[in-house]
Amino acid sequence: QLTERVRADRSLEALWMPAEGLSSQQPAAPWATRACSSMGSQDSSFVTHAGEGHAHQVVIFVVHDGRPVCALVDFTVHQEMMSGQADSALGGSAYLVDRNGVVVCQAFDENEPHVARGAVLSPVVGEVAGRAQPWSGHVRQGGEVAFGAFATAAELPWGVWVQAPRDQAMAPFTTGMFQGLGLAGLVALAAAGIAVWRARRLASPIQALSLAAARMAAGARGVVVPATGPSEVQALARQFNSMSETVDLAQQELEARVEERTQELHRSNQALYFLYKTSREIASSPYDERLLRAFLAELKKVAVVDAINLCVSAEPNFLGYDYISTNENKDEDCEGDCGVCALSPERLERAHLPGVSLPIESRSDSYGFLYIRPMEGEKLLPWQNQLLNTVAESLSTAFAFHRTLGQEHRVMLLEE
């Protein structure tokens, strides 16, 4: 498995587990195994400086499932610095340094004069790198003035330092310098700008991640960044893309819940408006068949059900019911006889029919029942049950009230 991982990733040279004595088919160099053992004994270090091995390789130490694992990784930043050094027309030097100004790697051959890896580049560089902020200006090198620039990113423990001797950078313009002091200032500004550009060019993948994070903070969704640059930066980019996808899915889920809650509020408002509009009409004329048919048709729409049947009698406990249904086929369910209808509350459960049957009654007086059949394959939801029970109670109250009025009216006639 270790060998397959190495073959699948071009940046991996070797993988090994020192505690188990397991290694990929391509073993690590002795200096790499020593570096792995050294990092295993200290908690503050997880990656070597390039100076502890070759200029283009570093060793990374991690703990996976309680077991230490080490990897020998190609250090691609070194190759990029070599390319930038070859393309520069101003000469100078470029180093990768840590927060203390210690050289991690450099951009020239070993036989050229340079500060060795693992050594402090200079006190000025250590001070600038410790602030972890972009910087450019003049520095002194062995009694001579040089142009210097620094760029870093908070996500990495290293930064790029570039400097060029002023005389060397300005040599092509020496003749023009004597002809005008203004040209000298322009050359100095150009040299400093090029130095800053070279430093930032190496840190561009980190800057892309910073911009993407700012876009996410501003509300952008589905933000992704290309996994380019050194292997460390590629891993960081992949983690960022995974986090962005997770945030996007969470936002979609939240919006779906808000939409569902909005629909529930809309249905509740519709139900309240329906009850407010129809309650007084039904209370004033509960025996009006035309009014009851319009009432049931609108209730069917508001409650979102398949059918509503009403069997009702003006006189309580009387089997001569009037049958009103929202179905076009009047005799579909009760066959025109509410007295023996299978949809009544007493017979519905035994008939194994879908829906609910609600009695219309007041105390011991029964005026009939209201049967509701839900949509095919569905069950009545809590809000539907609450609405339909309220309607049944309103009808019961209206019929009982009008019966009481009728009785009082008959008493008055009898007295006259």
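Predicted model: local features only at pLDDT ≥ 70, side-chain atom pairs only at ≥ 80, totals over all residues.
User: Where is Ser24 placed, and is Ser24 buried or exposed?

Analyst: Helices (H or I, at least four residues) and strands (E, at least two) are DSSP runs numbered from the N terminus. Ser24 sits in the loop between strand S2 (22-23) and helix H2 (30-40). Buried means under 20% relative accessible area, exposed over 50%, and partly exposed in between (1.4 Å probe, protein chains only). With a relative accessible area of 5%, Ser24 is buried. Contact means heavy atoms within 4.5 Å; beyond its neighbours within four places in sequence, Ser24 is in contact with Leu2, Thr3, Val6, Ala14 and Leu15.

User: How many residues has the largest nonpolar core, and which element gives the largest share?

Analyst: In soluble globular proteins, nonpolar side chains tend to be buried together. A nonpolar core is a set of buried Ala, Val, Leu, Ile, Met, Phe, Trp, Tyr and Cys residues joined through side-chain atoms within 4.5 Å. The largest one has 30 residues, and Phe295, Leu299 and Leu310 are among those with the most contacts inside it. Elements giving two or more residues include helix H9 (231-284), helix H10 (289-303) and helix H12 (382-415). The largest share, 9 residues, comes from H12. A second, separate core of 16 residues includes Leu15, Val58, Val104 and Val162.

User: What is the strand order of the open sheet of 4 strands?

Analyst: Strands of a sheet pair through backbone hydrogen bonds, either parallel or antiparallel. Two strands pair if DSSP finds at least two bridges between them. The order is S11-S10-S13-S12, with antiparallel pairing. The edge strands, S11 (322-325) and S12, each pair on one side only.

User: At about what angle does H12 run to S12?

Analyst: Axes are lines fitted to C-alpha atoms, for helices over the stretch in contact, and angles run from 0 to 180 degrees between N-to-C directions. H12 lies across S10, S12 and S13, at about 30° to S12.

Conventions:
Residues numbered from 1 in each chain as written. Heavy atoms only, no water.
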